[in-house]
Amino acid sequence: MRATTRSATNTTTTTDNAAPPEPTTTSSTAQPPPTASDADSYKLRFCTVCASNQNRSMEAHLRLSTATPSPFPVISFGTGSLVRLPGPTVTQPNIYHFNTTSYSQMYEELTAKDERLYRYNGLLNMLDRNRNLKWGPERFQDWVPGLPRVDHVAKGDKGALGTEGGVVDVIITCEERCWDAVVDDLMAKGAPLNRPVHVFNVDIKDNHEEALVGGKAILELANRLNEAARQERRAAGAEAGEAAAAADWENGQGEARRNFDERVPEILAAWQEKWPHLPALWTLAWL
């Protein structure tokens with residue numbers, strides 16, 4: 001693992017429970033049953049990124065958006081200038097534009113071109129998975145943090161619930177050059193929301209088999225991060241009240257957020273010990 005303190009602005013970076021039993025009451029007024037606290041049900045919002053928003057980022061998108069017992073809010077992107085898929089030869093890739101070409105369109109076009117070839121090399125299976133997750137590939141550099149994404153909920157994108165506000169807590173890239181592109185783009189955007197975001201890279205080879213392993217590893221990292229966030233929000237809620245703690249968290253402030261941010265390097269180091277073949281990078285940046 002290699003951690004870095006490079007920031008996306010000039011700002012200095014820093015490195016289920018069951019509900020309790022209903023109490024006995026002597027009041028004649030019926031009491032509502034207790035429910036899980038906000039801290040216990042909280043889910044971090046994730047963004048997964050690879051070059052073309054096709055293989056590695058989409059496998060991670062699948063894992064996060066179908067996690068049990070409850071899915072994570074997740075969006076996904078690519079950082080390339082164009083979507084590039086293997087063609088009949090190395091010099092003849094299939095090229096598409098981000099944001100305007102759906103996975104279904106790609107699937108149908110490649111089926112018409114050479115169904116046997118693209119079934120054999122796994123592209124049709126990959127695109128079939130993708131079109132059942134979201135409409136089409138999106139480019140990270142075109143994303144505007146804070147711009148509502150309600151239309152993605154209407155389209156039925158998996159993981160869209162919880163991301164309607166256009167912000168995320170964690171970005172996970174799948175290749176170092178994508179991590180560099182993400183951090184550089186966040187710097188260029190100038191942090192208009194002044195909201196912290198943890199940016200990880202989990203280095204995954206771009207093939208279907210490695211993407212499956214990488215997706216599983218990313219889900220485990222997400223679960224570890226989310227448990228830490230729950231613990232810190234629970235502790236802050238007990239001291240300052242859940243509503244106040246939740247509001248501070250959403251604004252990127254407060255004791256819970258600071259404590260969580262400080263725990264991230266330790267969480268990543270423990271995760272890396274289990275997944276040594278997936279070299280990781282990390283920095284704290286700003287949306």
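**Exercise 1. Decide whether Glu59 is buried, partly exposed or exposed, and find what its side chain meets.**

Step 1. Glu59 has a relative accessibility of 5%, so Glu59 counts as buried (buried is under 20% relative accessible area, exposed over 50%, partly exposed in between, with a 1.4 Å probe and protein chains only).

Step 2. The model is predicted: local features need pLDDT of at least 70, side-chain atom pairs count only at pLDDT 80 or more, and totals for chains, interfaces and linings use all residues. Residues are numbered from 1 along each chain as its sequence is written, and side-chain values use heavy atoms, with hydrogens and water left out.

Step 3. Glu59 lies in helix H2, residues 56-65 (helices, H or I with at least four residues, and strands, E with at least two, are DSSP runs numbered from the N terminus).

Step 4. The side chains of Glu59 and Arg129 are joined by a polar contact of 2.9 Å (a pair of N or O atoms within 3.5 Å; within protein, one must be able to donate a hydrogen and the other to accept it, and residues adjacent in sequence count only if both atoms are side-chain atoms).

Step 5. Leaving out residues up to four places away in sequence, Glu59 touches Arg129, Ala211, Leu212 and Gly215 (contact means heavy atoms within 4.5 Å).

**Exercise 2. Describe the burial and pairing of strand S8.**

Step 1. S8 spans residues 280-286, and seven of its seven residues are buried.

Step 2. Ala280, Trp282, Leu284 and Trp286 are on one side, while Leu281, Thr283 and Ala285 are on the other.

Step 3. Strand S7 (residues 196-202) pairs with S8 in the antiparallel sense over seven bridges. Opposite Ala280 in S8 stands Val202.

Technical notes
Right-handed = clockwise from strand over helix to strand, strands pointing away. Pairing = 2+ DSSP bridges.
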